[in-house]
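Hi everyone, thanks for coming. Let's have a look at this one together, and I'll walk you through it step by step.

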Amino acid sequence: MQRVKERLWVVVPVTLFLILLLIYLNTRSLVKTGIVMLAVPFSAIGAIWFLYLLGYNMSIGVWWV
C-alpha cells in the first residue's frame with residue numbers, strides 16, 4: 001500500500017500537468033485552460049448531486065456507466 005501511495009504522488013501530478021499542457025496547446029490561452037480545469041470539479045459535484053436526487057444507489061455500476 002505504501003508503494004502505491006508513493007507512486008500516486010508522482011503519477012497524479014504528472015497526469016494533471018499533461019492534461020493542462022494538452023488543453024493549453026489546443027486553446028493557446030491560459031484563461032480558457034483555467035476555465036476548463038475549474039469546470040471539471042464542479043461538473044463532478046453536480047453529477048453526484050444529480051445521482052442523489054434521482055435516488056440511484058451508489059455502486060460501481062452507477063459510477064462507470
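**A walk through the helices**

Let me begin with Val4, whose place is in helix α1; helices here are DSSP runs of H or I with at least four residues, strands are runs of E with at least two, and both are numbered from the N terminus. Val4 is partly exposed, at a relative accessible area of 47%. The cut-offs are under 20% for buried, over 50% for exposed and partly exposed in between, using a 1.4 Å probe and protein chains only. From Val4 to Ile45 you count 41 residues in sequence, and the C-alpha atoms are 26 Å apart in space.

Before going on, a word on what you're looking at: this is a predicted model, where local features need pLDDT of at least 70 and side-chain atom pairs count only at pLDDT 80 or more, while totals for chains, interfaces and linings use all residues. Residues are numbered from 1 along each chain as its sequence is written, and side-chain values use heavy atoms, with hydrogens and water left out.

How confident is the predictor? The mean pLDDT (confidence in each residue, from 0 to 100) is 89 for the protein, and 92% of its residues reach 70 or more. Where pLDDT is low, the predicted coordinates should not be read in detail.

Now the packing. At what angle do α1 and α2 pack? Helix α1 (residues 2-27) and helix α2 (residues 30-54) pack at about 135°, and their axes are 9 Å apart. That makes α1 oblique to α2: under 35 degrees is roughly parallel, over 145 roughly antiparallel, 65 to 115 roughly perpendicular, and the rest oblique. The axes are lines fitted to C-alpha atoms over the stretch in contact, with angles from 0 to 180 degrees between N-to-C directions.

Who meets whom? On the α1 side we have Ile19, Leu20, Ile23, Tyr24 and Thr27, and they meet Leu30, Lys32, Thr33, Val36 and Met37 in α2, contact being heavy atoms within 4.5 Å.

Next, the loop between α1 and α2, where Arg28 is found. Arg28 has a positive phi of about 55°, although it is not a glycine. Is Arg28 buried or exposed? Exposed, at 60% relative accessibility.

Tyr52, in helix α2, is exposed as well, with a relative accessible area of 64%. Tyr52 and Arg28 are 24 residues apart in sequence and 37 Å apart, C-alpha to C-alpha.

Last stop: Asn57, in the loop between α2 and α3, is exposed at 64%.

How values were computed:
pLDDT is the predictor's confidence in each residue, from 0 to 100.
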